[in-house]
Amino acid sequence: LVGLSEISDYDVTIAKPCELLGQACDVELSMQKCKSGQANAMTISTNHEKLGDVTVSLARKGAKVGGDTASADRASVKVNLPMKDLISNDDVTASVEYDIPSQNATLNLGYTSGDVRLGVKSSFNVKSNAASHKATVNYSGIEGVGVEVDCNQDVAGNLSVTKDKYELRVPFSKDGGVNPDDVQLRMTWSQSL
């Protein structure tokens, strides 16, 4: 832990399997951005025989849950549908999620073929009737290197190249192209205690 004062920020996560109401669950509590202003989250995950994987999340604004950063406080339920049972295809994935405070309903669809994974995410706000869409393509055919492009309905997104604990992220847009000032080189570091 020597040198923690030199780190710009850090997260702490505690994960524990348990049993709730007779159902085996995984519970994860996290404190994120411990130095710059905490963003806390709790996630409870289980696998239901008929529904598939079910995740309940409570998160403060700024917390990362499932790879997404919460833009506001959230209380959500996500169900990963058992597509193999419905269409007998392991390569197709689908999930639905509903966030109570924002009233956003989200549908995620995915398809994997070899080293390429395609994803489509559509969100619909029940209160305002506003919709947004995002497409993602991942390529993992180069050993140890990940390449991802995501793009929204306004033709803006990111190109990310990852290798080990490093990520080069290049934002782009239809109107502005690539702004060199927005390019980021990130490093992920973790320590198990």
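Biologist: Where is the place of Ser-30?
Modeller: Ser-30 sits in strand β2, residues 23-32. Helices (H or I, at least four residues) and strands (E, at least two) are DSSP runs, numbered from the N terminus.

Biologist: What kind of model is this?
Modeller: It is a predicted model, in which local features need pLDDT of at least 70, side-chain atom pairs count only at pLDDT 80 or more, and totals for chains, interfaces and linings use all residues. Residues are numbered from 1 along each chain as its sequence is written, and side-chain values use heavy atoms, with hydrogens and water left out.

Biologist: Back to Ser-30. Buried or exposed?
Modeller: Buried, because its relative accessible area is 6%. The cut-offs are under 20% relative accessible area for buried, over 50% for exposed, and partly exposed in between (1.4 Å probe, protein chains only).

Biologist: Which residues is Ser-30 in contact with?
Modeller: Leaving aside neighbours within four places in sequence, Ser-30 contacts Val-12, Thr-13, Ala-39, Asn-40 and Ala-41. Contact means heavy atoms within 4.5 Å.

Biologist: New topic. Which residues make up the largest nonpolar core?
Modeller: Five residues: Ala-39, Ala-41, Ala-59, Ala-63 and Val-65. A nonpolar core is a set of buried Ala, Val, Leu, Ile, Met, Phe, Trp, Tyr and Cys residues joined through side-chain atoms within 4.5 Å. In soluble globular proteins, nonpolar side chains tend to be buried together.

Biologist: What does Val-65 touch?
Modeller: Val-65 touches Ala-41, Thr-43, Ser-57, Ala-59 and Arg-74, not counting residues up to four places away in sequence.

Biologist: Ser-57 is on that list. Which strand is Ser-57 found in?
Modeller: Strand β4, residues 52-59. Ser-57 is buried because its relative accessible area is 3%. With neighbours within four places in sequence set aside, Ser-57 contacts Met-42, Thr-43, Val-65, Arg-74, Ala-75 and Ser-76.

Biologist: What about Thr-46, buried or exposed?
Modeller: Thr-46 counts as buried, because its relative accessibility is 19%. Thr-46 belongs to strand β3, residues 39-48. Beyond four places in sequence, Thr-46 is in contact with Gln-23, Ala-24, Cys-25, Gly-52, Asp-53 and Val-54. Thr-46 and Val-56, 10 residues apart in sequence, are 9.0 Å apart from C-alpha to C-alpha.

Biologist: On to strand pairing. How many bridges join β10 to β11?
Modeller: Nine. Strand β10 (residues 116-125) and strand β11 (residues 131-139) run antiparallel. Two strands pair if DSSP finds at least two bridges between them. In this pair, Arg-117 stands opposite Asn-138 in β11.

Biologist: Which residue in that hairpin takes a positive phi?
Modeller: Asn-129, with phi near 65°. The hairpin of β10 and β11 has five residues between the strands.

Biologist: Which strand does β11 join by six bridges?
Modeller: Strand β12, residues 145-152, also antiparallel to β11. The bridge partner of Lys-134 is Asn-152 in β12. The hairpin of β11 and β12 has five residues between the strands, and Gly-144 takes a positive phi near 80°.

Biologist: And β7, how many bridges with β8?
Modeller: Six, between strand β7 (residues 74-81) and strand β8 (residues 92-99), in the antiparallel sense. Lys-78 has Glu-97 in β8 as its bridge partner. β8 also pairs with strand β9 (residues 104-113) over eight bridges, again antiparallel. There, Ala-94 is partnered by Leu-109 in β9. In the hairpin of β8 and β9, with four residues between the strands, Gln-103 takes a positive phi near 60°.

Biologist: Last one. How many contacts come from residues 24 or more positions apart?
Modeller: They account for 14% of the contacts with a separation of 6 or more.
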